[in-house]
Amino acid sequence: MHHGNGRQSSSNSSSLHKPWLQCSFPGCRYKTQRQNALTRHADSQYVGGTVHPCTFPGCGYETRRRRDFERHMNVHVGAWIMIPCPYPGCLYKARAIRYLRMHIVTHGTREKRYACKLAGCTFTAQQRSKVTRH
């Protein structure tokens, strides 16, 4: 049985956008534009690997991804370690340092290195993707 070979489907045939790849496993709605992500999804969800079942009574959760299993177990034991924002007066707390780093950008302490190139536009951002989205 072969799962994970996606079917390409896209209503936009423009060469600017990659076509969406859909997981072919029955009932799965996973989509991506990257073949390696689709393969990783299929391998982690449907092909071989160790299944990690939740041992909490009555739960029934299971996954092949160890990281997802560890995250799930925190729900039962209340082990979320919240990292507070270091800025005085800010009440934000994050579950992971990567989320805290993304939040710190909102304080605007870093130089906004990227600027919109449209005539007359003064929009600037710390990340190129923000200017592109703008």
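Which residues of α2 are buried? They are Asp68, Phe69, His72 and Met73. Seen down the axis of α2, these buried residues fall within an arc of 135 degrees, so they line one face of the helix. An α-helix has 3.6 residues a turn, so residues three or four places apart point the same way. The model behind this report is predicted.

**The chain as a whole**

The protein chain holds four helices and nine strands. From the N terminus, the order of elements is β-β-β-α-β-β-α-β-β-α-β-β-α. Of the 134 residues in the chain, 21% are buried. The chain exposes about 10400 Å². Carbon and sulfur atoms supply 54% of that area. Take the contacts between residues at least 6 apart in sequence: 5% of them join residues at least 24 apart.

**Helix α2**

Helix α2 covers residues 66-77. At 1.5 Å a residue, its 12 residues should span 16 Å. The C-alpha atoms at its ends are 17 Å apart, which agrees with that expectation.

His72 sits in helix α2. Is His72 buried or exposed? Its relative accessible area is 14%, and the cut-off for buried is under 20%, so His72 counts as buried. Beyond residues up to four places away in sequence, His72 touches Cys54, Cys59 and Tyr61.

Tyr61 belongs to the loop between β4 and β5. Which residues does Tyr61 contact, leaving aside neighbours within four places in sequence? The partners are His52, Pro53, Cys54, Asp68, Phe69 and His72. Asp68, Phe69 and His72 are also among the buried residues of α2. Cys54 is in contact with Tyr61 and is touched by His72 as well. Met73 is another buried residue of α2. The C-alpha atoms of Tyr61 and Met73 are separated by 9.5 Å, and the two residues are 12 apart along the chain.

**A patch on the surface**

Tyr92, Tyr99 and Met102 form a nonpolar patch on the surface. Together they have about 280 Å² of accessible area. Tyr92 lies in the loop between β6 (83-84) and β7 (93-94).

| Residue | Relative accessibility and class |
|---|---|
| His72 | 14%, buried |
| Tyr61 | 28%, partly exposed |
| Tyr92 | 31%, partly exposed |

Notes:
Residues numbered from 1 in each chain as written. Predicted model: local features only at pLDDT ≥ 70, side-chain atom pairs only at ≥ 80, totals over all residues. Heavy atoms only, no water. Helix = DSSP H or I, 4+ residues; strand = E, 2+ residues; numbered from the N terminus. Expected span 1.5 Å × (residues − 1). Buried < 20%, exposed > 50% of the residue type's maximum accessible area, 1.4 Å probe, protein only. Arc of directions from axis to C-beta. Contact = heavy atoms within 4.5 Å. Patch = residues over 30% accessible without salt bridge, like charges linked within 9 Å, V, L, I, M, F, W, Y side chains within 5 Å. Areas by Shrake-Rupley, 256 points an atom, 1.4 Å probe, with all protein chains shown as cover. Salt bridge = Lys/Arg side-chain N within 4 Å of Asp/Glu carboxyl O.
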